[in-house]
Amino acid sequence: MKSGFKLPEDYMSDFKNRLNQRMEVESKSYESDDLKASSGYRIPDAYFEKFKVDVVSNKSTENKKLKIAIAAIAVLAISLGITFKPFTSSEQINFSDLEDEQINRYIDQQGIQDEVLDEYSSHQNSNFELNDAIKKVDQKEILNYFSDQLNDLYAYEE
Amino acid sequence: MSKNEPHIEEDERLLVKRLQSESDKQLAFDQLVDRYKEPLYWHIRHMVKHHEDADDVLQNTFIKVFRYIDGFKAQSKLYSWMYRIATNESNTFLTKKAKRLKLSSQELQDHLTENLKSDPYFEGGAIEYQLHKAVDALPEKQQLVFKMRYFQDLKFKQISEILNVSVTSLKTNYHHAQKKIKKQLGSY
């Protein structure tokens with residue numbers, strides 16, 4: 001060649017054999033079963049078929065949090081002896097509707113842990129305005145309620 | 001017909017048909033490799049410069065050809081389709097190499113040419129070395145045209161089919177490339 005390049009001896013005559021060997025190796029690695037085996041990773045049966053379902057249930061987990069928060073408020077209100085009437089949007093109930101005295105009395109008797117009510121205060125669109133003093137209800141009571149509600153929610157959605 | 005000029009037309013059409021058939025694919029592929037390994041090797045070698053790299057890229061090219069031959073619609077000639085794959089594979093290889101060595105594409109060309117001095121598969125003297133340096137200095141398109149015409153003896157018509165560029169444009173590019181190279185090699 002005019003370029004000055006040269007080839008190793010027998011390069012061209014050996015090329016096809018080397019190419020076939022490489023293609024054989026590559027074709028094996030393209031078979032999906034072999035790919036799984038070579039990585040060492042396994043997945044549960046039908047994982048990808050169920051994957052979409054899992055995404056849906058993850059979304060509903062967000063809804064669950066909201067439902068739980070509302071349920072907790074409901075149990076709090078029931079504990080305080082307040083009964084709700086069905087209400088329209090113009091009649092939405094607020095914590096400010098509760099008698100301060102009733103709340104204070106309950107707080108004095110039971111106590112509330114801050115973290116239990118974080119769920120409520122983080123909910124931006126809530127109409128509930130939490131009074132700092134409310135954050136002292138018996139944690140065990142609420143957690144028991146959460147646990148029962150969670151069991152119910154999962155049972156419905158499975 | 002030069003020794004690097006691929007066989008074409010009817011023979012090629014039959015070969016494609018066999019390559020796309022399940023029963024005859026492997027045999028036809030062996031025939032394809034025998035026919036095109038050498039012209040494709042030289043095309044790649046002039047782009048990547050070093051033998052080991054050219055060997056890698058040539059294998060990748062044939063693997064791609066084998067993998068995608070079923071989708072080949074014969075809208076272009078088989079050899080021009082294969083040359084395009086080889087060109088793309090070479091460019092991809094060079095881009096990755098430049099990235100790995102943290103060099104610009106021009107710096108990589110200089111680096112590859114510099115390394116020819118110690119390459120056991122380069123037997124050129126000072127003139128050939130200077131020729132490669134002069135080719136490196138050309139714009140990318142002129143480089144490609146010059147290498148295909150001068151080193152590989154491809155006809156302008158063939159280059160036109162491979163690069164999908166008019167023959168007139170190729171001749172202009174080649175003319176400019178030749179002129180620049182002659183000027184640079186003037187002292188030799």
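**View 1. Polar contacts and salt bridges between chain B and chain A.** In this predicted model, 13 residue pairs, both members at pLDDT 80 or more, are in polar contact between chain B and chain A. Four salt bridges are also counted between chain B and chain A. In a salt bridge, the side chains of A:Lys2 and B:Asp153 meet at 3.5 Å, N to O.

**View 2. The side of chain B that touches chain A.** Two or more residues each are given to this side by helix 2, helix 3 (51-68), helix 6 (126-136) and helix 7 (140-151) of chain B. Helix 2 of chain B supplies the largest share, 11 residues. Sorted by class, the side of chain B that touches chain A comprises 15 nonpolar, seven polar and 12 charged residues.

**View 3. Extent of the contact between the two chains.** In all, 34 residues of chain B are in contact with 20 residues of chain A. About 2600 Å² is buried between chain B and chain A, with 63% of it on carbon and sulfur atoms.

**View 4. Packing of helix 2 against helix 4 within chain B.** Helix 2 (residues 25-48) and helix 4 (residues 78-101) of chain B pack at an angle of about 40 degrees, and their axes lie 10 Å apart. The crossing of these two helices of chain B is right-handed. Residues of helix 2 of chain B, including B:Leu32, B:Tyr36, B:Pro39 and B:Ile44, meet residues of helix 4 of chain B, among them B:Tyr79, B:Met82, B:Phe93 and B:Leu94.

Definitions and conventions. Residues numbered from 1 in each chain as written. Chains lettered and ligands numbered in written order. Predicted model: local features only at pLDDT ≥ 70, side-chain atom pairs only at ≥ 80, totals over all residues. Heavy atoms only, no water. Axes fitted to C-alpha atoms, helices over the stretch in contact; angles between N-to-C directions. Helix = DSSP H or I, 4+ residues; strand = E, 2+ residues; numbered from the N terminus. Left-handed = near helix turned anticlockwise from the far one by under 90°. Contact = heavy atoms within 4.5 Å. Buried area = accessible area lost by both parts, 1.4 Å probe. Polar contact = N/O pair within 3.5 Å; in protein donor to acceptor, adjacent residues only side chain to side chain. Nonpolar A, V, L, I, M, F, W, Y, C, P; charged D, E, K, R; others polar.
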